[in-house]
Amino acid sequence: METGMIPEQILEGETGTIHYSYYLPENYDPQVEYPLMIVMPGYDMMWFGEESSGSNLNWDGFLCWMRRPEEMIVVSAQLTDWHETSARQAIELTEYFLTNFSVDTSRVYAAGYSAGGETMSQAVSTRPDLYAAYLHGASQWDGDYAPIAENGVAVYIFMAENDEYYGSERAWDAYNSLHDAYSEAGWSEDQIADVLQIQTPDDEWFAQRGITGNYHGGGNVVFGEDNILNWILSHTKEENIS
């Protein structure tokens, strides 16, 4: 089986043609179960014809998971929009890898940035039984809230305080709505803190990382924050719902 970075793949699904790339660990062993990360890029890395082919392969939101000390399978979709159809395609892609590769089903993760976050928030809330944790980066939440809490999906929300496109109030709206959903599902404050986090850093935080202006695009820096990536990967399905 081919390993490493495998670009420009096509899956013909029930919802249409799905364009994606993926990474298999160099020493991939079908007898070993690996964590699976499904990532969704922003608008400029979606599939809009041959000219966009492979454009997501240089994206930190894809590459950062390949660089983790722990070997894992990483999938990056280039879907055609950020609405319900693409959410269903993200789910189909997840199920395809669960069926065809050796995946630890308790450690299936998702991450979305900008338009990809709009899509992935819908996908994760539609099939919360699939995912242990989700990183919602520089985006608005378009999915439901109650299913996330009912299935114990851990969520980390990241948005620049002065994001020019969405504004950080959308991040706080999502956080508060998810917090309410967990409370209504009977979770204590300490339990909620274990599975729900938000960070809305100010301009100085970005300046320390060499970013001034374009705080929405600068939101990609989240994929270089080891503490956040480790938080996502620390969750398992069993621990979340126990």
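Trainee: Where does serine 114 sit?

Mentor: Serine 114 is in the loop between strand E5 (103-113) and H3. Those labels are DSSP runs, numbered from the N terminus: helices are H or I with at least four residues, strands are E with at least two. Before we go on, this is a predicted model, so local features need pLDDT of at least 70, side-chain atom pairs count only at pLDDT 80 or more, and totals for chains, interfaces and linings use all residues. Residues are numbered from 1 along each chain as its sequence is written, and side-chain values use heavy atoms, with hydrogens and water left out.

Trainee: What is the phi of serine 114?

Mentor: Serine 114 has a positive phi, about 55°, although it is not a glycine.

Trainee: And is serine 114 buried or exposed?

Mentor: The cut-offs are on relative accessible area: buried is under 20%, exposed is over 50%, and partly exposed is in between, using a 1.4 Å probe and protein chains only. Serine 114 comes out at 9%, so it counts as buried.

Trainee: Which strand holds glutamate 8, and what is its phi?

Mentor: Glutamate 8 lies in strand E1 (residues 4-13). Glutamate 8 is not a glycine either, and has a positive phi of about 55°. Its relative accessible area is 51%, so glutamate 8 is exposed.

Trainee: On to helices. How do I check the length of H5?

Mentor: Take 1.5 Å times one less than the number of residues as the expected span. Helix H5 (residues 168-184) has 17 residues and should span 24 Å; its end C-alpha atoms are 24 Å apart, so the two agree. H2 also has 17 residues, and its reach of 24 Å from first C-alpha to last is close to the 24 Å expected.

Trainee: Which residues of H5 are buried?

Mentor: Start with the general idea: an α-helix has 3.6 residues a turn, so residues three or four places apart point the same way. In H5 the buried residues are Ser168, Ala171, Ala174, Tyr175, Leu178, His179, Ala181 and Tyr182. Looking down the axis of H5, they fall within an arc of 160° (taken from the directions from the helix axis to the C-beta atoms), so they line one face of the helix.

Trainee: What covers the buried residues of H5?

Mentor: Read "covers" as contact, meaning heavy atoms within 4.5 Å. The cover includes helix H4 (146-150), strand E7 (154-158), helix H6 (189-195) and strand E8 (196-199). Setting aside residues up to four places away in sequence, serine 168 touches Met159, Ala160, Glu161 and Thr200. Phenylalanine 206 is 38 residues from serine 168 along the chain, with 14 Å between their C-alpha atoms.

Trainee: What follows H5?

Mentor: Glycine 186 follows H5, and its phi is positive, near 95°. Alanine 185 is found in the loop between H5 and H6. With a relative accessible area of 40%, alanine 185 is partly exposed. Alanine 185 is 34 residues from asparagine 151 in sequence and 9.7 Å from it in space, C-alpha to C-alpha.

Trainee: At what angle do H2 and H3 pack?

Mentor: Here the axes are lines fitted to C-alpha atoms, for helices over the stretch in contact, and angles run from 0 to 180 degrees between N-to-C directions. Helix H2 (residues 84-100) and helix H3 (residues 115-126) pack at about 60°, with their axes 8 Å apart.

Trainee: Which residues of H2 and H3 meet?

Mentor: Glu84, Ser86, Ala87, Ala90 and Ile91 in H2 meet Thr119, Met120, Gln122, Ala123 and Thr126 in H3. Among the buried residues of H2 are Ser86, Ala87, Ala90 and Ile91. What covers the buried residues of H2 includes H3, along with E1, strand E2 (16-24), strand E3 (34-40), strand E4 (73-77) and E5.

Trainee: What is serine 121 in contact with?

Mentor: Serine 121 is in helix H3 and counts as buried, at 0% relative accessibility. Leaving out neighbours within four places in sequence, serine 121 contacts Tyr134, His136, Gln140, Trp141, Asp142 and Gly143. Serine 121 and tryptophan 82 are 39 residues apart in sequence and 9.9 Å apart in space, C-alpha to C-alpha.
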